[in-house]
Every structure is written in C-alpha cells, then in structure tokens.
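Student: Hi! Could you walk me through this protein?
Tutor: Happy to, let's look at it together.

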Amino acid sequence: MMTLAAERSWLLDRGLLKLVHQCRRLILAEFGIKVHLTDEHLKSQLAAYAKKSRSPQLSNVWEELREKLQNNGETQEPQTTVPRKMYRGQPVESNEPGHAGIHDERGQEDSASGRTRTITYRGQTIEVPV
C-alpha cells in the first residue's frame, strides 16, 4: 500500500503543478467549485470535471497533465546503467577513477615516481605524472 506522501510526490514537479493549477482555475471558473491540492482523490476529481466540462481548454490541459503523469511514472524507475561522464556536452571515456594528479600531504604533486597517466584535458589527451 502506498503512503499518502508517495501518492502526492508528483505534486512536487513544477511543470505538473502548473498544469494542476490551470485545471483548478478552469474548474472554478466553469463550475464554481474549488478543488484543493489536499483532496484525497485529486486526480480522479480533475478527471471527472474535465469529462463534464464543455470547455475544450480544460480537457486539453487535463490530457496534457495525464500524459505527463504517465511519462513520469515510467521515468522514475531506478536506473541500472552507470551515467556517462560529460564534458562540455561531449561524452568522456574514463577508465580510471580519481583526478588528474596525486598530491602529497603538503598539496604538492608527486612526480618522483616517474610514472605517467594519460588523461583528457579540455578535449586534448595529455600525459600526467603519477
């Protein structure tokens, strides 16, 4: 059983909330009834008034809201793939975690080991001492 907070989490989306407010205003103008965001069956009330309405604007706003609710239900599933790193809009292939240089306790880079690592910096591949 879903909790009340989980059922209402869709109201936290700014785009969806804007559509809900438009529906509420149109319902108030046409029917003279205030639909509150705290009502238990908000979705079903909006759908019922949109069905009864003579206004095509209310039915269009309700259809848009219903489609976005269905799309949000599909996109809120947990992602199983690891997100790719992006740099300036381009995907970056990264095999090694971490940052460009390894620093000692004083904050200075350790170059005494003589090893280098290849990294991509601003789109160019460079060798960095490790």
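Tutor: Below we talk about the overall layout, the salt bridges and a hairpin.

Tutor: This is a predicted model, where local features need pLDDT of at least 70, side-chain atom pairs count only at pLDDT 80 or more, and totals for chains, interfaces and linings use all residues. Residues are numbered from 1 along each chain as its sequence is written, and side-chain values use heavy atoms, leaving out hydrogens and water.

Student: How many salt bridges are found in the whole structure?
Tutor: Two. The term means a side-chain nitrogen of Lys or Arg within 4 Å of a carboxyl oxygen of Asp or Glu. Arg 66 pairs with Glu 63 at 2.4 Å, N to O, and Glu 64 pairs with Lys 68, with the closest N and O atoms 3.9 Å apart.

Student: Where do Glu 64 and Lys 68 lie?
Tutor: Both are in helix α4, four residues apart, about one turn of the helix. Arg 66 and Glu 63 are three residues apart in helix α4 (residues 56–75), also separated by about one helical turn.

Student: New topic: which strand does β3 pair with?
Tutor: β3 (residues 116–121) pairs with β4 (residues 124–129) in the antiparallel sense over six bridges. Pairing requires DSSP to find at least two bridges between the strands. Thr 118 has Glu 127 in β4 as its bridge partner.

Student: And what's in the turn?
Tutor: Two residues separate β3 and β4 in this hairpin, and Arg 122 in the turn has a positive phi of about 50°.
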